[in-house]
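Work through the following exercises with the sequence and the model open beside you, and try each task before you read its solution.

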Amino acid sequence: MVISWSCDRYLTGRVTVEIHAIFLALIQGFTEFLPVSSSAHLILPSVLLDWQDQGMAFDVAVHLGSLLAVVYYFRVEVNAMARAWFGSLRGGQRTAESQLAWGIVLATIPACVVGLLFGDAIALYLRSGWVIAATTVVFGLLLWWADKVAKQHRTEYEAGWRGALFLGCAQALALVPGTSRSGITMTAGLMLGFTREAAARYSFLMSIPIIFLAGSHQAGGLLGSASVMPWSAIGIGTMVSFVSALACIKLFLALLNRIGVLPFVIYRLVLGCVLVAVLSV
């Protein structure tokens, strides 16, 4: 009888873990590339629903799924950029693709530096509901303002090294939960005069190296960790985040010029107000 109860408890716990994995992977996939902050949404279930933190292994899995999705969607551009970049290293002709690739490399540096220097402090002091509420509202309003005043006449190939560095500094701000990496980089792109689609595309391309590096860093930390995560949950998380992220990218780029960024700004404002109300109780 004791054995039977223990098995039932194990199976129930495993089902719960997998349900949580599906839910969290959907959140990651749908919000990683929307200007609403995936990190904020992944923290919220533990804050609002009292769920146990999903752990580093699961974070790596869902980010891997998102990475595979953006690489697959932009596979033609990534292949062209990679060829042009390696060609430029061998002294080949500079092309628009090689300049874009070098811009993405430059834009990755600020977040890497800030993450290495202040990542632990940010994780310790800023992963809170109040910080998320504040950054959700403030950077949502900043996105609305940037979209309102943007000239929107430049493509992602016209960033230049100064623009790439500006976008990289904006991406570094996204280490603060609630800021939204895609949101702040799109905001910066609009400030530079990018069209909405160009700002989104540059933001998505910027995500490839930063997600890869962040995931590699987290994976390295797992080597000395004693935490255990069911392989089924990790597999589910990777697959669900891949499918949902791919769908999100396609829909977002297809609808962005029609709907603009206002719906996401309104969502951020509502979410921020809800968080304040919940945290004040």
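**Exercise 1.** Does α5 pass α7 in a left-handed or a right-handed crossing?

Solution. The model is a predicted one, in which local features need pLDDT of at least 70 and side-chain atom pairs count only at pLDDT 80 or more, while totals for chains, interfaces and linings use all residues. Residues are numbered from 1 along each chain as its sequence is written, and side-chain values use heavy atoms, with hydrogens and water left out.

Step 1: find helix α5 at residues 96-125 and helix α7 at residues 160-173, remembering that helices are DSSP runs (H or I, at least four residues) numbered from the N terminus.
Step 2: the two helices pack at an angle of about 30°, with their axes 7 Å apart, where axes are lines fitted to C-alpha atoms over the stretch in contact and angles run from 0 to 180 degrees between N-to-C directions.
Step 3: the crossing of α5 and α7 is right-handed, a word used when the near helix is turned clockwise from the far one by less than a right angle.

**Exercise 2.** Work out how the rings of Phe 252 and Phe 264 are arranged.

Solution. Step 1: a search of the whole structure finds nine aromatic pairs, that is, rings of Phe, Tyr and Trp (its six-membered ring) with centres within 6.5 Å, called stacked under 30 degrees between planes, edge-to-face over 60 and tilted otherwise.
Step 2: the centres of Phe 252 and Phe 264 lie 5.4 Å apart with their planes at 70°, so this pair is edge-to-face.
Step 3: Phe 252 belongs to helix α10 and Phe 264 to helix α11, twelve residues apart.
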